[in-house]
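Welcome! Please look over the sequence and the structure below, then try the exercises one at a time.

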Amino acid sequence: MGELGGFLKYNRKEKNKRSVQERVKDYKEVYKPFGKKYLYEQSSRCMDCGVPFCNFSCPVDNLCPEWNDFVSNGEWEKALEVLEETNNFPDFTGRLCPAPCEGGCVLGINDLPVTIKNIELAISEKGWEEGWIKAKPPKVRTGKKVAVVGSGPAGLAAAQELNRKGHYVSVFERDDKAGGMLVYGIPDFKIEKWIVQRRVDQLREEGVEFILNTEVGKDYPAHRLEEEYDAVVLAGGAREARDLPVYGRDLKGIHYAMEYLTQQNGVVAGKEVAKEDRIEAKGKKVLVIGGGDTGADCVGTATRQGAEAVYQIELLEKPSKDRTLDNPWPQFPQTLKVSTSHQEAEVFAKDEDFGVREWSIATKRFLGDKDGKVKSFEAVRVSWIEGEDGRKQMEEIEGSEFSLDVDLVLLAIGFVHPEHEGMLEELGLDLDERGNVKADNYRSNKDQIFVAGDMHRGASLIVWAIVEGREVAERVDEYLLD
Ligand SMILES: Cc1cc2nc3c(=O)[nH]c(=O)nc-3n(C[C@H](O)[C@H](O)[C@H](O)COP(=O)(O)OP(=O)(O)OC[C@H]3O[C@@H](n4cnc5c(N)ncnc54)[C@H](O)[C@@H]3O)c2cc1C
C-alpha cells in the first residue's frame, strides 16, 4: 500500500470534466486527463482488504488491489502487467464500464468506494504513452484457422486471445470499421474512435486479419465458414431493437435510437448523409423513450445537435439515490445514475412542468400533423404496486393522462435478441427461450461453431463481452487441440 490509512486521509474525488458549455460544442470526450496527485491519493484509498470483493464483483476478475498498490507506489509498468492479465481492453472498460468492482469495494460499506475504474483507465493510458502496450504476436503457429464474425468487444477479445494462442484468425465485419457498438453505437463523447482503432491496429500487427464490409449470411455465405475454417466464433451482437407498437408509431420523426446514434457517429467520422435521410435534433423538441445507457447517449447527442428541448422518459420507477435494503453491499448498486449527458441537458432545460428525466410513464400514442410528421405524444403516469406474488405490477394512475409537443422521438427501449435473418437462419442454430444463440459452454448445437458476447447472453455490457470473448477463446483452443 502506498500510504497506510490513505482512506482516512483522502476523500473520493471524481474525474475532472470539461465544462458543460465547452463540451456541448463538440463530440470530444467529456473527461480531462488525470493529474499525478489525484492518482496517488485515489489509489492510496485502497485498503488492500484481506478479501477483495472488488475482484469478485468484477466480471473479468480484475486484480484491483494489486494495481492500486502499484500505482500508489509509482510502479506503473507492473500495474499494467497485472491489469493485462485479466483484461484485453482496459481502455474501453476504464471509460465505459459501470464498474461493478466499485459496487463491491469494502470501503463502500460506510464511505465512498475507491475510484477503481479511473485508476484502471490511467494505467492503460500510461501504458500507451510509454509504449508498454505493444503487439504480442505468437511465436509459433498451430496451422489452425478460426473465423470470428463480428468485431465488437467480444469478437476482438476472442480474436486477440485465439491469435496469441497461435491460430490464424480472420474477423468478418459488415461495417466499414471494426469495433462494433464501440464505433457505431456509443457516441464519441464517451469514447473517441481512435481509441478503438489503436486496438484494432494492435490486433492487426499481431497477425489478425480483418475482412470489413462483409456481412456473413449475405455477402459471404455462412456455410462457407464451416468449410473453410476449423472453428467459427459468432460474436455478432444483439441488434434487434425492441419496438413500441402504439398508435402513430409509423409517423415520420420516430426512429430507433441506433439509427440516430449510428448516423451521428458516422457524421463525426466525416461521412456524408443525404439531407432527406439526416436525423437531426437541431431546433426540435426531442423525446427519448427509455431510461438506460442508450437513452442517455441520445440525450447527449440531441443536446450537442442543438435541440430546443430534450425529455427522457422511463416506464419503470425512479431508482432511489441510496441502496435499498434488498440491494445491499456488495451487490451492484441499483441506484439512480446521473450521466454527463443528463447534467448537460439539465443546464439547458427550459420547461418547468416537465423535467429532463421523468419516470413511471407509459406511452399511449403519437399524433401527427397533416404531413404525417409526429407532433405530440400522449401518455399516462403509472404506479408500481407489489402484487400477491411479490412482483411489482404497473397500474395506470387515473386522471394522470397528459400530452407533450414533440418533433423527434427516439426509441431506446432495448434490444430483444440478435438478428435471426441471414447468418443464424442459414446456419440453422438452436436459439434459447429469449431468442439468443443457445450454447453449452459457448458451443452451439453445431460442433465447430461457438458463440460469445451479446449474441449469446443478450444485450449486456462491454465488460461481459470481453469476458465471453476470452472464455470462448479457451473453449475453441481446447476444441482445436483435442
Ligand atoms: C448506444 C449504446 C450505448 C452503450 N453504452 C455502454 C456503456 O456505456 N457501457 C457498457 O458497458 N456497455 C454499453 N453498451 C452495451 C455494449 O456496447 C454491448 O454490450 C457490447 O458492445 C456487446 O459487444 P459484442 O461484441 O457482443 O457486440 P457488438 O458490439 O454489437 O458487435 C457486434 C458486431 O458484429 C457485427 N455483425 C453482426 N452480424 C454480422 C454478420 N452477419 N456479418 C458480419 N458482421 C456482423 C456488427 O456489425 C457489429 O460490429 C451500449 C450499447 C449501446 C447500443
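A crossing of two helices is left-handed if the near helix is turned anticlockwise from the far one by less than a right angle, and right-handed if clockwise. This is a predicted model, where local features need pLDDT of at least 70, side-chain atom pairs count only at pLDDT 80 or more, and totals for chains, interfaces and linings use all residues. Residues are numbered from 1 along each chain as its sequence is written, and side-chain values use heavy atoms, leaving out hydrogens and water.

**Exercise 1.** Find how helix H10 and helix H19 cross.

Step 1: Axes are lines fitted to C-alpha atoms, for helices over the stretch in contact, and angles run from 0 to 180 degrees between N-to-C directions.

Step 2: the crossing of H10 and H19 is right-handed.

Step 3: the contact (heavy atoms within 4.5 Å) includes Ala157 and Leu162 of H10, and Ile466 and Val476 of H19.

**Exercise 2.** In which order do the 5 strands of the open sheet lie?

Step 1: the order is S3-S2-S1-S4-S16, with parallel pairing; two strands pair if DSSP finds at least two bridges between them.

Step 2: S3 (209–211) and S16 (449–451) are at the edges with a single partner strand each, so one side of each has no neighbour in the sheet.

Step 3: S4 (residues 231–234) is joined to S16 by 3 bridges, and Val232 has Ile449 as its bridge partner in S16.

Terms used. Helix = DSSP H or I, 4+ residues; strand = E, 2+ residues; numbered from the N terminus.
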